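Subject: Two-chain model, handover and notes

Hello,

Please find the structure below, followed by notes on what was found in it.

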Amino acid sequence: MGGLVREVRLPGTLKQFGNRHIAALTIKNNRMIALVSLFGGLELIDLGEIPAPLPSSLSAVASAEVDGTKTNMLLSEEAEPIVRVLLAELESAA
Amino acid sequence: MPEANDVLDQSAQSGQDTAPASACFWCERPNTDLEDDHVFPRAIGGTKELSVRSCRRCQTSLSQAESALSRKSTYAMHLLEAGPRGRDRRRDPASGQIAAEYVLVPHTLGGYNETALKAGAGECPIALPYVEINVTDSLLTCRRRASEPSEMERLVSTIERMLAGKPDEKGLLCELSVLTHDLGEIGKDPEFWPRIVLDLKGHLFIRARNPEEALKFMSAFTQYLRAGVFNDYSRWVAGPPIMGSTPHQVMIVHDRYLVGRAFAKISCSLSFVAFGEHAKELSRFEILRSYALGNQAEAWEG
């Protein structure tokens, strides 16, 4: 996976999230990765191999309105489709 | 899919070693003066609902990366359309400024206006006062540009204050930044004249295409200054306002290392918020945290 932080998409590219920043933690190839979308860009951050106590399918997604009105962790049902979109974007950029 | 809360519950039940609540998340040093460090930087809209505890020293280091992200990167340009408005309107107007190398706007009366951009949706570009001289013209035609005469007075008095000082031991009266960025198409336009500008922080700088042009400008400008022409507003002309949709040419230098640190910070702090102490067992957590603080210059890939 190479470096720690990699630019995948320039800001303004991803339109799916509207006026929200997204930061998702998910597991890919047995490694924890963060997919962070600010202003419709996408950056990949490699957090490395996961420790044994963490489930191998764990993920977490946080969201922040760009106007500074709300920041929160998303529940699973909202988080899963977002992770799928981000992973698909990562795949298509590879 | 297990959720972060499940893991947090497990972590709490297992009674694992945790850093004391009064320790900084970033340096792990005990500290009684901790602040909320937002997972998403506040400058781009993050709020304290998702945050870790941080000491001032680490905050200072992290804010360097956050500032690069929110003021000096391609991300900064998106703040103009969608970002949060400044929270404190009484603050120095320069504090929320996009740190562009230049913002030039075609002027309705010819030439190119010097402008500053403030971060935050709904913020309007701010015209900076400047004096420009056509150094290729034997008449050395001079133009004064400002949104109002008082702005020009501010520029002139800043110059006068500077010149009234005592020379140092090397005989140096003052120092001015000379900016000679490649201006692209504007640089090829004879309507662009070298100029002296007063920025939002009250600092003067000279903009020219190259050092030679800057020297010619200074020579001509000094002649005008000695003649006292800048204190005469009898020929002040109020031009038509620069309306919306006017193209602004902006140059921003994007520092991938610093911007990468901001992303390392977001992912590190989020992993801790989501997974608690387990996050610190991720194999690259430590190196990412160190990188976020600016201690791992080699650990990034642009």
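Chain A has one helix and six strands, in the order β-β-β-β-β-β-α from the N terminus. Helices (H or I, at least four residues) and strands (E, at least two) are DSSP runs, numbered from the N terminus. This is a predicted model, in which local features need pLDDT of at least 70 and side-chain atom pairs count only at pLDDT 80 or more, while totals for chains, interfaces and linings use all residues. Residues are numbered from 1 along each chain as its sequence is written, and chains are lettered from A and ligands numbered from 1 in the order in which they are written.

Along the principal axes, the C-alpha atoms of chain A fill a box of roughly 40 × 30 × 20 Å. Of the 94 residues in chain A, 45% are buried. A residue is buried if 20 or more other C-beta atoms lie within 10 Å of its own, exposed if 12 or fewer, and partly exposed in between, with C-beta atoms placed from the backbone. Among contacts in chain A between residues at least 6 apart in sequence, 60% join residues at least 24 apart; two residues are in contact if their C-beta atoms, placed from the backbone, lie within 7 Å.

Chain B has eight helices and 11 strands. Buried residues account for 33% of its 302 residues. For contacts in chain B between residues at least 6 apart in sequence, the share joining residues at least 24 apart is 62%.

The contact between the chains takes 45 residues from chain A and 41 residues from chain B. On the chain B side, the elements giving two or more residues are helix H1 (4-14), helix H3 (74-82), helix H7 (256-275) and helix H8 (285-292). H7(B) gives the most, with nine residues. That side divides into 25 nonpolar, 11 polar and five charged residues. Here Ala, Val, Leu, Ile, Met, Phe, Trp, Tyr, Cys and Pro count as nonpolar, Asp, Glu, Lys and Arg as charged, and the others, Gly among them, as polar.

Leaving aside neighbours within four places in sequence, the contacts of A:Ala34 include A:Ala23, A:Ile45, B:Ser267 and B:Leu270.

Within chain B, the axes of helix H2 (residues 56-71) and H3(B) come within 5 Å and cross at roughly 60°. Axes are lines fitted to C-alpha atoms, for helices over the stretch in contact, and angles run from 0 to 180 degrees between N-to-C directions. H2(B) and H3(B) are therefore oblique to each other; angles under 35 degrees count as roughly parallel, over 145 as roughly antiparallel, 65 to 115 as roughly perpendicular and the rest as oblique. B:Leu69, B:Ser70 and B:Arg71 of H2(B) meet B:Tyr75, B:Ala76 and B:Leu79 of H3(B).

Regards
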